[in-house]
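Okay, thanks for having me, everyone. Let me put the model up, and then we'll talk about rings and a bit of helix packing.

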Amino acid sequence: MTLIKSISGIRGTIGGAAGDGLTPLDIVKFTSAYGSWAVKKSGIKKIVIGRDARISGAMVNNLVIGTLQGLGIDVIDLGLSTTPTVEVAVTGEQAAGGIILTASHNPKQWNALKLLNADGEFISDADGKEVLEIAENSDFTYADVNDLGKVTMDDSWLQKHIDLVLALPLVDVEAIKKADFNIVIDCVNSTGGIFVPALLKALGVNTVHELYCEPDGNFPHNPEPLPENLTALSKEVLNKRAHLGIAVDPDVDRLCFVCEDGNMFGEEYTLVAVADYVLQNNLGNTVSNLSSTRALRDVTETAGGEYHASAVGEVNVVNKMKAVNAVIGGEGNGGIIYPEIHYGRDALVGIALFLTHLAKYGQSVSNLRRSYPGYFISKNKITLTPEMDIDALLSKVEEKYMKQPHSTIDGLKIEFDKEWVHLRRSNTEPIIRIYSEGNSETVANGLANKIIADIKEILN
């Protein structure tokens, strides 16, 4: 059993002893800490919650609602929802914050409390530490019987979120209707099965073939939208002679596509394609994290904008986007952050912008993919002993490559012309993650192996 307490939320497996998993006692403790923090920070006694469709969702939902009521906080419960929908609802309802009950792409035995501030964005590092400290000290007081919070069920935010997407100037419903797309979707039996068909219908897509759209939490495959998990979607795209396939993760903040020939568009290229379309219409800066493909930088600079890199993590991407006034940003895991609507990864926005781009492009999805620079990312890791000084190790690698362009804002990233390698420590285990990118699998793997050999030499 596992319980991971981080600044962005509380994540764990269901069951086991308190403190070893996401048990009812842990859910109550951390909800109490967060609710107390949110009211103290904002002065508002109202919190929005929503959940994905995983099996433990109703149980966790009941505990969270009861705890917030016990603190004297009014709850707006969106029920089955998505992460981006809760985010836009927080500001729409002028709430103190929000809690999304989802373990994102983790398997079904996991669940989590994702914590939002009053801006509908993930809480900061400092705020997260404060919440954890409140929890550790049990520094919260519950309300008297006459002051308990009230609960309001509100399922209107599905349509409100879709309306916000449709209202974006760069979303062209007429162009999408005219393209007459034939689309297959894989929503992994979570809330995407409710939201994605509703969005596609609103966008004028009449031919939608649904795979795994029953929101019962029984994930038919590993829910992370990676190529090895999307074989059924790929086959169905070919069977239905569809223009494309669309896959989302359980809480609908990650998005990837399958080309008409059954090949993967590549989750790294979701952001590249959407950014290309946005930059054609609204030139400006872009942001992704240090472990994302260089293709975004190439597309941005070709358009005449400036690319900026942030540390890994949505909070860090958002902070950098605000600092450089980016018009689009996100992460290479298929996360689109479009400030015109809100500062959070949003697959619904990504779908609408991508389909508009594709409709105006007028060619196949595979041709669109081939129009972008071709890079390959290799993902490796080195396991170290727990007592190993990882920071000192990274410093020695940095010293060796001091003459190369490099960044230390998140571990160590070294650039070699258009190739790069990024080394960063895991937050949860004694390993160094090593991501490298080149213009082929051979080049990327060769670069990773070179750095791994350097590390082994330093260790000896």
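So, start with Phe257, Phe265 and Phe354, which form one aromatic cluster. Rings of Phe, Tyr and Trp (its six-membered ring) pair here if their centres lie within 6.5 Å; planes under 30 degrees apart count as stacked, over 60 as edge-to-face and the rest as tilted. Quick caveat: this is a predicted model, where local features need pLDDT of at least 70 and side-chain atom pairs count only at pLDDT 80 or more, while totals for chains, interfaces and linings use all residues. Residues are numbered from 1 along each chain as its sequence is written, and side-chain values use heavy atoms, with hydrogens and water left out.

The structure has six aromatic pairs. One of them is tilted, because the ring centres of Tyr34 and Trp37 lie 5.8 Å apart with planes at 35 degrees. Both Tyr34 and Trp37 are buried, meaning under 20% relative accessible area, with exposed over 50% and partly exposed in between (1.4 Å probe, protein chains only).

Then there's Tyr401 with Phe416: centres 5.6 Å apart, planes at 90 degrees, so edge-to-face. That pair links distant parts of the chain, 15 residues apart. Tyr401 is buried, and Phe416 is too.

What sits over the ring of Trp420? The charged end of Lys413, 4.2 Å from the ring centre. Likewise, the charged end of Lys322 sits over Tyr343's ring, 5.1 Å from its centre. The cut-off is NZ of Lys or CZ of Arg within 6 Å of the ring centre and within 35 degrees of the ring normal.

Definitions and conventions: Helix = DSSP H or I, 4+ residues; strand = E, 2+ residues; numbered from the N terminus.
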